[in-house]
Amino acid sequence: MADAAEVWAMRRAIHLAEPTVGSTGPNSPAGCVVLSAAGELVGEGCHRGPNTPHAVAAALAEAGYRARGGTAVVTLEPCSGNRSTRPCAEALVDYGIKRLSYAVSDPFSTDPDRLDLLHSHGIGVERGLLAQDVVESNVMWLSAARSSRPFVTWKFASTIDGRTASVNGSARWITGIEARHDARLHRARHDAVLVGTGTLHCDDPHLGLRHAVGSQPLRVVLDPRGRIRPEARVLDDSAPTLVITADGAAKPALP
């Protein structure tokens, strides 16, 4: 049964993972906190993307010898199979961890005995601590992993009477500075941002992040007839752009 220190540690692990949402793809955001045998914080870490240490490995490396006899608290079940990096389950054994508490199971793991290594070394395992909190903070990656479909966010703005633009097209924005800043933050948490040709021709959007608020997503234009203009702002060299046309459409004159 988790005690108050483990609950605090899981909240801390969630907090560590939160800023990495949108920058770890295709891997999951994850956070880990290591408590000593006396219940003190001795190590913490998060996963920052492909070819970087997993959250458990990062936290154990920071804890060092102080992890022996302690507890690892992690948002996502530690990996135990053959991965591009050393399995985190092996690291837990090597560092002398005596208890593991994780919130959410790895949706890609199909091995029912994946935690046997931990059990065989006398490591106690508890699953489900603050699971709902972790699911809410990591809903995009978990939904995509569990359903094998992209998680899609529909972003729009409208006036109080349901309009999205002025009749004569004179207003560039109907939103305020705060709303546009929030939109860019949300954009940075996704792998791609998509528009159709209607939006493209009316607004000539750039679809960039601006002000370096996070990782720039792929810009995608649905252009079934191949009508995109070569001077469209979305075609500049500040970020990659994918233009999707229908079979048989004229090839657009792209730079």
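Predicted model: local features only at pLDDT ≥ 70, side-chain atom pairs only at ≥ 80, totals over all residues.
Colleague: Let's start with S1; which strands does S1 pair with, and in what sense?

Modeller: Strand S1, residues 31-35, pairs with strand S2, residues 41-46, in the antiparallel sense over five bridges, and S1 also pairs with strand S3, residues 71-76, in the antiparallel sense, here over four bridges.

Colleague: What stands opposite Leu-35 in S2 and in S3?

Modeller: In S2, the residue opposite Leu-35 is Leu-41, while in S3 Leu-35 has Thr-71 opposite.

Colleague: Is S1 buried or exposed?

Modeller: Five of the five residues of S1 are buried, so the strand is largely enclosed by the rest of the structure. Gly-31, Val-33 and Leu-35 point one way from S1, whereas Cys-32 and Val-34 point the other way, and all of them are buried.

Colleague: Which residues form the nonpolar patch on the surface?

Modeller: The patch consists of Leu-194, Leu-218, Leu-222, Leu-242 and Ile-244, which together have about 380 Å² of accessible area. Strands S7 (218-222) and S8 (241-244) each supply at least two of its residues. Leu-222, for instance, belongs to strand S7 and counts as partly exposed because its relative accessibility is 36%.

Colleague: On to charges: how many salt bridges does the structure hold?

Modeller: There are nine salt bridges in the structure.

Colleague: Which partners does Arg-86 have?

Modeller: Arg-86 forms a salt bridge with Glu-90, where the closest N and O atoms are 3.6 Å apart, and Arg-86 also meets Asp-94 in a salt bridge at 1.8 Å, N to O. As for accessibility, Arg-86 is partly exposed at 43%, Glu-90 is partly exposed at 34%, and Asp-94 is partly exposed at 45%.

Colleague: What about Asp-236, which residue does its side chain meet?

Modeller: The side chain of Asp-236 meets that of Arg-219 in a salt bridge at 2.9 Å, N to O. Asp-236 lies in the loop between S7 and S8 while Arg-219 lies in strand S7, so this pair ties together parts that are 17 residues apart in sequence.

Colleague: Are those two buried or exposed?

Modeller: The two ends have to be taken one by one: Asp-236 is partly exposed, with 29% relative accessibility, and Arg-219 is buried, with a relative accessible area of 0%.

Colleague: Which residues are linked in a network of salt bridges?

Modeller: Glu-6, Arg-99 and Glu-126 are linked in such a network.

Colleague: Last topic, aromatics: how many pairs turn up in a search of the whole structure?

Modeller: The search finds two aromatic pairs. In one of them, the rings of Phe-108 and Trp-141 have centres 5.8 Å apart and planes at 75 degrees, so that pair is edge-to-face. This pair links distant parts of the chain, since Phe-108 is in the loop between strand S4 (99-104) and helix H4 (116-120), and Trp-141 is in helix H6 (residues 139-147), 33 residues apart. Phe-108 is exposed, with a relative accessible area of 54%, whereas Trp-141 is buried at 15%.

Colleague: How are Trp-154 and Phe-156 arranged?

Modeller: Trp-154 and Phe-156 form a stacked aromatic pair, at 4.5 Å centre to centre and with 25 degrees between the planes, and both Trp-154 and Phe-156 are exposed.

How values were computed:
Residues numbered from 1 in each chain as written. Heavy atoms only, no water. Patch = residues over 30% accessible without salt bridge, like charges linked within 9 Å, V, L, I, M, F, W, Y side chains within 5 Å. Areas by Shrake-Rupley, 256 points an atom, 1.4 Å probe, with all protein chains shown as cover. Salt bridge = Lys/Arg side-chain N within 4 Å of Asp/Glu carboxyl O. Buried < 20%, exposed > 50% of the residue type's maximum accessible area, 1.4 Å probe, protein only. Pairing = 2+ DSSP bridges. Phe/Tyr/Trp six-rings, centres within 6.5 Å; stacked < 30°, edge-to-face > 60°.
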